[in-house]
Amino acid sequence: MLIAIGVILFVLGLLLSIALHELGHLTFAKLFNVRTTQYMIGFGRTLFSRRRGETEYGLKAIPLGGYIRMVGMVPPARVGARFRGPTTTAVSPFGLFRQIAEDSRTNDRAAVIDGVDDGRQFYQLHPFKRIVIMFAGPFMNLAIAVVLFGILLVGIGVPTAVPTVAAASECIISAETAQTRTDCEPGDPAAPAKVAGLQPGDRFVSLDGVPVQDWDQLRAVIAASAGKTVSVVYERDGQQLTSQIPVIQTVRNVYDDQGKVTGQETVGVIGVSPQMPYISQSPVAALQTTGAFIGRAATAVVQIPSRIPALWDAIFSGQERDLNTPVGIVGAGRISGEILDLDTTAKDKLALFLQLLAGFNMSLFLINLLPLLPLDGGHILGAVIEWIRRGFARIARRPDPGPFDVAKLMPVAYVVALLFVGLTALTFVADVVNPVKLFG
């Protein structure tokens, strides 16, 4: 039941993100007086719609995106323009490309009403205004992600290990043994901290006379003290107690930034785990963390093509799925459900859910800015090219070259759309047959 509720919450969060994305486009389209005929969330059959003024607002059956329909996205063919190359689709691919371009132009221009739309068509705007309209959608996703990260980092805080005992283990189990079992068995060495009487809530004060500042310092000193006995001062109920604790040598896993095991090391341990309270970050630290996350997300987007073979293997090889492979809406919804089903605190669940939703919005921001049609970045690229051409023409005192004909890029748009459909289908299958497992 909790998993189903988690999936529903993620879908609602996704729909809200899409709605705000399209609202960004719509707001500036209306501000610049472009006639906008539709504002739709989802694709497929219309479930609900209502017309307000010249715009129809609605919700469709498949919540995998959204769109606004602006009049005159494609400029009319230039008077007297002649096409180079073959003139029929039967001769060569060039004819097919031309046919696709002209079909897209015809379909787009069919919505233009003479007189009503004079000066109100998208292509008639200054390139800067077109860039603003197309950038406003992805910017909304960026703003959502930044706000969510602000709530997460400043409002809720970040789990931070402090030098206070959360639990004392009964025994020490090496990383090699832990691959097959997690329970103590006869023959396992007793945990020194438990033998010494340390309890949850005890706060470390010093180690061999050196004041303990944080958990990382404590952990590093213990790790380097294998085979030695260390003098530990800790505080309990306002009183300081001292104990001589032997440090046991064991093997521990080494993890990378993604939580993946990269190797093993021999270290000293006493068998305690730290408390992990949420500590609020400063706004400056939150912005730095958000900026670092944007950089990692951008790298992940660029690496999507190289991750496809691993995604394919996850479907057909039966091997455990790599955590770095792309995750679709189904996979993200499943992770959301698992978050709600975790045996942890409500604050932990809220923090994980906000991080998931923020990450998804960051991905929407970055993917939509790729300079490829039909993505927003493709329209931005067309406007930038037109702006540059106009500038060169002005400098060279040549006639205005006119609007950039995005219809000529429609064959590329079809290819990009097919690739995205293929990637969506691949991630869907992988998310069903071999989902990413973040929580074991």
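Which residues does M362 touch, not counting residues up to four places away in sequence? The legends below come from a predicted model.

**View 1. M362 and its contacts.** M362 touches L142, A145, F149, F293, I294 and A297, leaving out residues up to four places away in sequence. M362 is also one of the residues with the most contacts inside the largest nonpolar core. F149 is on that list too.

**View 2. The largest nonpolar core.** This core has 45 residues. Those with the most contacts inside it are F10, V34, M70, F122, I133, F149 and M362. Several elements each give two or more residues to this core: α1 (2-31), β1 (36-52), β2 (55-70), α3, α7, α9 (329-340), α10 and α11 (376-395). Helix α3 gives the most, with 11 residues.

**View 3. Helix α7, end to end.** Helix α7 covers residues 283-302, 20 residues in total. At 1.5 Å a residue, the helix should span 28 Å. Its end C-alpha atoms are 29 Å apart, which agrees.

View 4. A285, A286, T290, F293, A297 and V301 are buried in α7. These residues cover an arc of only 145° around the axis, so they sit on the same side of α7. What do the buried residues of α7 pack against? They pack against α3 (127-156), α8 (304-316) and α10 (346-368).

**View 5. K349, a buried charge.** K349 is in helix α10. Is K349 buried or exposed? K349 is buried, yet it has no salt bridge. The nearest side chain of opposite charge is D341, 6.8 Å away. A salt bridge needs the charged atoms within 4 Å. K349 touches I339, L340, L342 and T344, again not counting residues up to four places away in sequence.

View 6. G337 is found in helix α9. G337 is buried, because its relative accessible area is 0% and buried means under 20%. How far apart in space are G337 and G6, C-alpha to C-alpha? They are 3.8 Å apart in space, but 331 residues apart in sequence.

Definitions and conventions
Residues numbered from 1 in each chain as written. Predicted model: local features only at pLDDT ≥ 70, side-chain atom pairs only at ≥ 80, totals over all residues. Heavy atoms only, no water. Helix = DSSP H or I, 4+ residues; strand = E, 2+ residues; numbered from the N terminus. Expected span 1.5 Å × (residues − 1). Buried < 20%, exposed > 50% of the residue type's maximum accessible area, 1.4 Å probe, protein only. Arc of directions from axis to C-beta. Contact = heavy atoms within 4.5 Å. Lys, Arg positive; Asp, Glu negative; His and termini not counted. Core = buried A, V, L, I, M, F, W, Y, C linked by side-chain atoms within 4.5 Å.
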